[in-house]
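Hi,

Here is the model I promised to pass on.

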Amino acid sequence: MLGKLTKNTFKANMSSVSNVYLAMGIIGIIMLALLVIDWTKWGDTGIGLGLVIKIISSAALCITAGLGIIMTIAGIVSEYQRNMFGAEGHLTMSLPVRSSTLLLSKWIAGSFWVVLSYLVLCLCAFGSFIYIIRHSVNIVQGNDMYYSVYELVIEMIEQLSYSAGIATPSMAVLLSLASIYAFDGAVRLIVFVLLIFFAITLSNCRPFHKTGKFGKILYFFLGFFAVSTFAGMITKFIKIYIIISETAYTFTLSQAEVAAAWDLGFGAYSITNLYCTAIAAVFVFLITTVLIDRRVNVS
Amino acid sequence: MAFKSRKQKYSPEPFENESVTVENEDVGYPEEYAAPVQRKSDYAFKVRNLTKDYDGNVVLNNISFDIPSGKIVGLLGPNGCGKTTLMKILAGLIHDYTGMIKVDGKPIGIGSKAHVAYLPDCTFFPERFRTIDCINYYGDFFQDFDKVKAIEFAARFGLDLNQKVKTMSKGMKEKLQLLVVMSRSADIYLLDEPLGGVDPAARSVILDIIMNNYKENATVVLSTHLVNDLEHSFDHILMLGHGSILVNTGIETLRSTGKSVEEIFKEVIGDAWEVD
């Protein structure tokens, strides 16, 4: 049942974002086509017409990707409201399925689309950065462009490490850190989607339904505040770090060990806030399920 | 704001001793090999002290009634008397009521929903769905759904399997919803105004579909204003008005008065709506 429900929600969400991804695909093709043009023939020596056009197209891509996130969230909100509590709710809520299964299916599909849109935005931003740098480097240094971009990134990391007063971590450690940051971001986005569902569900319960769209936004921020406060309070008392070396991950409660790790070129990351947010999400999920079971009406 | 628990709100008075019949008792082979016996309540619905209000406007006011199983029940009443609300509560779509309800001997939940085929008075399929998607959707979620029967109905109604819901007229959407609901072999059918938006010619076809396709011994609850068209089909009448049950009786009892259902409807509802 969960698989079938998720598949249906996935398709419903897809229909609301497909146009944005289509627009991004078209811009992407135009940007690839611009790579073929020999801009030196147009008098471009690195900073000229070609660069301006590439910056404009990159900005268009990034704006469309940003729009993609907004459209994705708007699509998820309207689909959840319509499918659970609107006219389609007459079908959805009469299915012989647990409300937790219904909510989970919406959560899985919604999280997928939100995380995807976020990844696409990151990819577009990073891709645009390389795309623009590549233009100038290509014209100035010819075929060594990929090596030069790599060198540029390494140099930026070294500068940042130097200004932070720590040893430059190795590429393996940097990749591990990047993965943990990405995982953290994904978890927070998933919780964000759940908070949206919680807010919509609460706004469909009596007497909260009277607050309308404003209420949905208010309940979302109230939920967000509650989760953040819970995670923040726990983090104040217990801080668990993960230390990342080239060969292993180790957990520690010691701040001294964390400082030492950075000095040795290792990475460190506090995971307390992350797991507290995840625990809070479980409670939000249970509360939302109870609301659907006991308080909500299909209108 | 603190929510009251559902237990607190329920009437402390329990249901009377419920009699149950046992189906498939004579299985014809040794008992240890028998399939699990299906126990079925004598009553399709048992409702006690049901109250529902919308922002203080009481729609159903402490009503209690039983509906026997295997009957075709006419749910009658004027506009705004709570027919749709009652249907929604029985189908499990409204939760913030007080009172106690059993559907086919079970509290409202997954167990009851699996046995109830509900037809609301609005379009409930997503607009992006095609006819075949709607049929497949029902097939995916209801074990008692007969896909072949649904496709046959679609052909009979002249519905293209690849036509999208958003391109359908109101009448076509109603036919589509009716065909999927009546393709189920459910124990209870809740049909909310199935004849509401269709022309008189289509009305008889729809009525024919309903009366010839529900599962044997199933209970059909049909809400309507068209008392005259349907009164010969009903076995049992439940009339609502002023938030109360005005009539809850078998059709024979009503007929013994020498009046038609429509006459009694006008009489009872007229009295209920009279202003002092």
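Predicted model: local features only at pLDDT ≥ 70, side-chain atom pairs only at ≥ 80, totals over all residues.

Below is what I found, starting with the ground rules.

Residues are numbered from 1 along each chain as its sequence is written, chains are lettered from A and ligands numbered from 1 in the order written, and side-chain values use heavy atoms, leaving out hydrogens and water.

First, the strands (DSSP E runs of at least two residues; helices are H or I runs of at least four, both numbered from the N terminus). Strand 1 of chain A (residues 241-244) is covered on both faces: A:Y241 and A:I243 on one side, A:I242 and A:I244 on the other, are all buried (under 20% relative accessible area; exposed is over 50%, partly exposed in between, 1.4 Å probe, protein chains only). Strand 1 of chain A runs antiparallel to strand 2 (residues 249-252) of chain A, joined by 4 bridges (pairing takes at least two DSSP bridges). These two strands form a hairpin with 4 residues between them. Strand 1 of chain A also pairs antiparallel with strand 3 (residues 267-270) of chain A, over 4 bridges. A:I244 has A:Y249 as its bridge partner in strand 2 of chain A and A:G267 in strand 3 of chain A.

Then there's helix 9 (residues 272-294) of chain A, which gives 5 residues, the most, to the nonpolar patch. A:I279 sits in that helix, and counts as partly exposed because its relative accessibility is 37%.

Cheers
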